[in-house]
Amino acid sequence: MTNVLVTGANRGLGLGFVKNYLGKNVNVVSTTRDLESSKELLALKERFPNNLEIFELDLLKVNAGYTLANFLRDRPVDILINNAGIGSTNQQFQEVSPKPWLEVLKVNLIAPLMVTQSIINNVKKGVAKKIYFLSSQLGSIEYNTSGGMYIYRSSKTGLNQVVKSLSVDLKPQGITVVSLHPGWVKTDMGGPNAPVSIDESIKGMIQVIDKTDIRDTGRFLNYDGKELPW
Ligand SMILES: NC(=O)c1ccc[n+]([C@@H]2O[C@H](COP(=O)([O-])OP(=O)(O)OC[C@H]3O[C@@H](n4cnc5c(N)ncnc54)[C@H](OP(=O)(O)O)[C@@H]3O)[C@@H](O)[C@H]2O)c1
């Protein structure tokens with residue numbers, strides 16, 4: 001049976017991944033920042049007691065990766081989805097300041113690699129050996145014609161570079177590493193005016209995950225499978 005791990009799974013796209021994968025009879029380890037308030041995950045746990053595990057994980061805690069590795073021990077992870085992420089306010093040239101910027105970089109750029117570093121042995125034990133990072137088209141340098149959004153854009157541009165290095169480093173071990181843009185999606189982050197539903201985005205991304213393998217490592221892909229420019 002396939003084992004999937006999704007970070008930031010209590011709402012938005014993370015929860016969408018969990019629901020969709022549980023419908024496919026896959027084993028899911030989901031992480032959430034606050035177990036008690038993760039009502040939808042807890043309700044899913046009652047429906048799928050054998051297929052879903054919930055682990056409390058705050059990416060801002062320095063030992064986050066270590067605690068996750070300790071929880072997993074020697075279990076395989078076939079598909080790792082580094083989904084958790086945050087946006088920011090006051091991102092224009094004259095407003096931007098270091099403190100909120102650093103917080104976003106910690107969550108969106110540094111933590112995903114630290115989590116991956118901590119549990120890479122679990123991915124090596126998996127059959128599929130696939131790692132996906134939720135990036136954003138806003139991180140594309142080529143697509144940046146409107147400026148602004150310094151904080152969020154730079155976190156995802158940096159993440160794309162991390163994905164590229166990781167794809168090169170892990171290729172000899174047969175591990176696929178891909179950067180995914182989910183579309184502009186109706187979540188708390190995307191807002192109500194976003195044109196893409198969670199369901200549409202998740203179905204598209206899962207198709208991309210199913211279809212990609214080591215030949216695709218190091219690519220930056222849209223939820224509909226199209227290539228995106230770095
Ligand atoms: N929605 C879009 O249009 C869009 C577009 C491009 C890329 N993305 C990317 O897609 C991913 C998911 O976005 P979304 O729209 O689903 O966002 P969302 O609805 O705001 O959900 C974000 C998730 O990340 C978790 N998270 C935030 N900070 C965390 C931390 N310090 N430790 C652990 N978990 C943390 C949140 O947990 P809490 O509930 O505890 O806060 C929540 O589960 C993000 O990486 C985002 O950048 C989204």
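User: How do the residues of the shell around the ligand divide into nonpolar, polar and charged?
Analyst: In this predicted model, the shell has 13 nonpolar residues, ten polar ones and five charged ones.

User: And which of them come nearest to the ligand?
Analyst: Gly-8, Gly-12, Gly-85, Thr-187 and Gly-190, out of the 28 residues around the ligand.

User: Which element gives the largest share of that shell?
Analyst: Helix H1, residues 12-23, which supplies three residues.

User: OK, switching to the sheet. What's the strand order?
Analyst: E3-E2-E1-E4-E5-E6-E7, seven strands with parallel pairing in an open sheet. Strand E3 (52-56) and strand E7 (220-222) are the edge strands, each pairing on one side only. On average, neighbouring strands are turned by 20° against each other, direction ignored.

User: What does E4 pair with, on the E1 side?
Analyst: Strand E1 (residues 3-6) and strand E4 (residues 79-82) are joined in the parallel sense over three bridges. Leu-5 stands opposite Leu-80 in E4, and Val-6 stands opposite Ile-81.

User: How many bridges are there between E4 and E5?
Analyst: Four, again with parallel pairing, and E5 covers residues 130-134. Tyr-132 in E5 is the bridge partner of Ile-81.

User: Are the E4 residues buried or exposed?
Analyst: Buried, with both faces of E4 covered. Ile-79 and Ile-81 are on one side, Leu-80 and Asn-82 on the other.

User: Last one: where does helix H2 lie?
Analyst: Helix H2 (residues 39-47) lies across strand E2 (27-32) and E3, and runs at about 145° to E3.

Definitions and conventions:
Residues are numbered from 1 along each chain as its sequence is written. This is a predicted model: local features need pLDDT of at least 70, side-chain atom pairs count only at pLDDT 80 or more; totals for chains, interfaces and linings use all residues. A residue is near a molecule or strand if its C-beta atom, placed from the backbone, lies within 6 Å of it. Helices (H or I, at least four residues) and strands (E, at least two) are DSSP runs, numbered from the N terminus. Ala, Val, Leu, Ile, Met, Phe, Trp, Tyr, Cys and Pro count as nonpolar, Asp, Glu, Lys and Arg as charged, and the others, Gly among them, as polar. Two strands pair if DSSP finds at least two bridges between them. Axes are lines fitted to C-alpha atoms, for helices over the stretch in contact, and angles run from 0 to 180 degrees between N-to-C directions. Two residues are in contact if their C-beta atoms, placed from the backbone, lie within 7 Å. A residue is buried if 20 or more other C-beta atoms lie within 10 Å of its own, exposed if 12 or fewer, and partly exposed in between; C-beta atoms are placed from the backbone.
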